[in-house]
Amino acid sequence: MDKNALRTLSYGLYIVSSFKGDKMNGQIANTVIQTTSKPYTIAVAINKENLTHECMTASGVFSVSVLSIDAAMKLIGTFGFKCGRDIDKFADLKYKIGVTKAPIVLEDSLACLEAKIIDKIDLSTHTIFVGEVVEAEVLAKGEPMTYAYYHNVKGGKTPQKAASFIEEAVKAGPKKEKSMFRYVCSICGYTYDPATGDPGNGVPPGTPFEDLPADWACPICGASKDKFDRE
Ligand code: FE
């Protein structure tokens with residue numbers, strides 16, 4: 001079996017949110033699809049270990065925010081690589097509570113949907129939730145983020161708990177000048193490339209990893225410098 005065949009599948013990038021009691025949570029998902037149009041239904045695969053799975057199971061509803069191609073990597077990092085059991089992902093964020101009472105992320109989002117769960121499929125590690133769409137709204141004009149754009153242009157990685165995670169061996173890179181080594185975050189997989197720097201955090205292109213300030217942190221997941229390994 002050639003696992004690369006799976007990499008040719010196309011996806012978008014979404015924030016799926018729900019709640020349990022007074023606890024709200026959301027996470028990045030690339031597996032949202034429309035399944036029927038009479039009635040309008042959508043489906044999404046969610047890892048059973050995720051807090052969002054617990055929230056969706058408890059409340060029976062979920063929202064989907066469609067991320068724009070311009071979505072901030074920090075937003076994707078918060079919802080894709082951090083756990084709602086440790087932090088409040090909605091703190092300091094533009095969001096609203098929808099008709100289903102599910103929270104809806106508005107930041108960097110082009111559209112949002114709300115659904116009532118009508119069916120579930122157990123896939124051992126994940127559950128596919130099928131929901132009937134009860135509310136839908138276009139929030140802004142723009143181009144929706146695709147998973148390919150996230151990977152190829154934004155340099156994003158796939159968390160291990162994602163439905164589309166494909167295991168790959170770490171490749172040994174070619175020998176380079178010390179200052180040109182790239183470093184990979186062992187938590188989220190973000191790659192620091194000295195050629196591009198980290199302009200979002202005031203690090204200009206051409207800055208070697210070694211010269212980053214001691215308090216510099218991974219722009220995706222917030223991990224400290226010592227969590228990075230040379231590529
Ligand atoms: Fe990271």
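Colleague: Where is the place of V44?

Modeller: V44 sits in strand β4. Bear in mind that this is a predicted model.

Colleague: Is V44 buried or exposed?

Modeller: Buried. V44 has 1% relative accessibility, and the cut-off for buried is under 20%.

Colleague: What is V44 in contact with, leaving aside its neighbours within four places in sequence?

Modeller: V16, A29, T31, V32, M56, F62, T127, I128 and F129.

Colleague: How far apart are V44 and F129?

Modeller: In sequence, 85 residues. In space, their C-alpha atoms are 5.5 Å apart.

Colleague: And which residue is the bridge partner of F129?

Modeller: K120 pairs with F129, which lies in β9. Strands β8 (residues 109-123) and β9 (residues 126-138) run antiparallel, joined by twelve bridges.

Colleague: What do β8 and β9 form?

Modeller: A hairpin, with two residues between the strands. S124 is in the turn, and its phi is positive, about 55 degrees.

Colleague: What about L113? Which residues does it pair with?

Modeller: L113 is in β8, and V64 stands opposite. The bridge partner of L113 in β9 is A136.

Colleague: How many bridges for β5 and β8?

Modeller: Seven, and the pairing of β5 and β8 is antiparallel.

Colleague: Zoom out. What is the order of the seven strands?

Modeller: β2-β1-β5-β8-β9-β4-β3, in an open sheet with antiparallel pairing.

Colleague: What does the twist average?

Modeller: From one strand to the next, 35 degrees.

Colleague: Which strands does α1 touch?

Modeller: Helix α1 (residues 51-59) packs on the sheet and touches β1 (14-20), β2, β4 (40-47), β5 (61-67), β8 and β9. The helix direction makes about 55 degrees with that of β1.

Colleague: And α2?

Modeller: Helix α2 (residues 73-81) also packs on the sheet. It touches β1, β2 and β5, and its direction makes about 110 degrees with that of β2.

Colleague: Why is α2 largely enclosed?

Modeller: Seven of its nine residues are buried, so the rest of the structure largely encloses α2.

Colleague: Which residues of α2 are buried?

Modeller: M73, L75, I76, G77, T78, F79 and F81.

Colleague: What covers them?

Modeller: The cover for the buried residues of α2 includes β1, β2, β5, β7 (103-105) and α3 (147-152).

Colleague: Change of topic. What is the order in the sheet of three strands?

Modeller: β11-β10-β12, again an open sheet with antiparallel pairing. The edges are β11 (191-192) and β12 (228-230). Each has a single partner strand, so one side of each lacks a neighbour in the sheet.

Colleague: How many bridges join β10 to β11?

Modeller: Two bridges join β10 (residues 183-185) to β11, and the strands run antiparallel. Y183 has Y192 in β11 as its bridge partner.

Colleague: Last one, the surface. Which residues make the nonpolar patch?

Modeller: M1, L6 and L9 make a nonpolar surface patch of about 390 Å².

Colleague: Where is M1, and is it buried or exposed?

Modeller: M1 is in the segment before β1. It counts as exposed, at 93% relative accessibility.

Technical notes: Residues numbered from 1 in each chain as written. Predicted model: local features only at pLDDT ≥ 70, side-chain atom pairs only at ≥ 80, totals over all residues. Heavy atoms only, no water. Pairing = 2+ DSSP bridges. Helix = DSSP H or I, 4+ residues; strand = E, 2+ residues; numbered from the N terminus. Axes fitted to C-alpha atoms, helices over the stretch in contact; angles between N-to-C directions. Contact = heavy atoms within 4.5 Å. Patch = residues over 30% accessible without salt bridge, like charges linked within 9 Å, V, L, I, M, F, W, Y side chains within 5 Å. Areas by Shrake-Rupley, 256 points an atom, 1.4 Å probe, with all protein chains shown as cover. Salt bridge = Lys/Arg side-chain N within 4 Å of Asp/Glu carboxyl O. Buried < 20%, exposed > 50% of the residue type's maximum accessible area, 1.4 Å probe, protein only.
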